[in-house]
Amino acid sequence: MRKWFHQSKWRNLVDMHIPDWNTTFLGQFDPVAYADHLDVSKADCAIIYAGNCLGYCFWPTKAGHMHTGLQGRDIVSETVEACRAKGMRTIVYFNIWNRFEFDRHPDWRMRYIDGRDTTCNQDGSRNRYGICCLNNPDFRTFVRRQAEDLAGHVPCDGFWIDMIG
């Protein structure tokens with residue numbers, strides 16, 4: 001018996017690495033319009049962002065930092081519902097890279113062999129990502145709490161937990 005994902009022809013993911021230094025960011029996100037556009041494109045599966053590499057969650061998480069521009073609004077559940085109403089399957093995407101927690105917990109930081117942290121590229125230039133180390137037991141506990149919170153929060157057809165290895 002073939003599973004639905006073997007027959008899926010058109011999936012969509014919108015990379016939402018949207019910071020929250022401006023509280024208007026994501027403030028006008030419209031899940032119904034989002035689903036309408038995916039429907040026009042003939043997408044049969046929506047991959048919906050729940051958390052990005054900056055550490056901002058798009059649902060009212062019990063573990064972590066919710067994007068301030070959402071002002072407590074749960075766009076993950078709203079978007080899943082809107083896409084399902086159009087007949088689409090839904091996969092919830094969650095990125096375990098977490099710049100927010102990287103900044104709060106220096107002891108969680110992954111470091112290069114020379115001691116530099118991951119906000120420094122190999123060539124010395126800066127990047128916006130800060131990677132926490134999965135070998136740190138406190139970070140692993142944090143990620144587990146976030147994943148459990150998300151899994152218990154929204155019904156969907158699957159999860160994509162990104163940046164594990």
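The largest cavity in this predicted model has a volume of about 50 Å³, taken as the space filled by probe spheres set on the grid points. A cavity here is a set of points on a 1 Å grid, over the protein atoms alone, where a 1.4 Å probe fits but cannot get out. Searching the whole structure turns up one cavity of 30 Å³ or more. Its lining (residues with an atom within 4 Å of a point) is made up of Met16, Phe29, Tyr34, Ile48, Tyr49, Phe58, Ile75, Val76 and Thr79. Two elements, E2 and helix H3 (75–85), each give two or more residues to that lining, and H3 has the largest share with three. Helices (H or I, at least four residues) and strands (E, at least two) are DSSP runs numbered from the N terminus.

Then there is helix H5, which runs through residues 137–151 and reaches 21 Å from its first C-alpha to its last, close to the 21 Å expected at 1.5 Å a residue (1.5 Å times one less than the number of residues). Phe139, Phe142, Val143, Gln146, Asp149 and Leu150 of H5 are buried, meaning under 20% relative accessible area with a 1.4 Å probe, protein chains only. Down the axis of H5, these buried residues fall within an arc of 125 degrees, so they line one face of the helix; the arc is that of the directions from the helix axis to the C-beta atoms.

Residues are numbered from 1 along each chain as its sequence is written. Local features need pLDDT of at least 70, and side-chain atom pairs count only at pLDDT 80 or more, while totals for chains, interfaces and linings use all residues; side-chain values use heavy atoms, with hydrogens and water left out.

Technical notes. Buried < 20%, exposed > 50% of the residue type's maximum accessible area, 1.4 Å probe, protein only. 1 Å grid on protein atoms, 1.4 Å probe; cavity = no way out; pocket = protein on both sides within 12 Å on 5 of 7 lines; lining within 4 Å.
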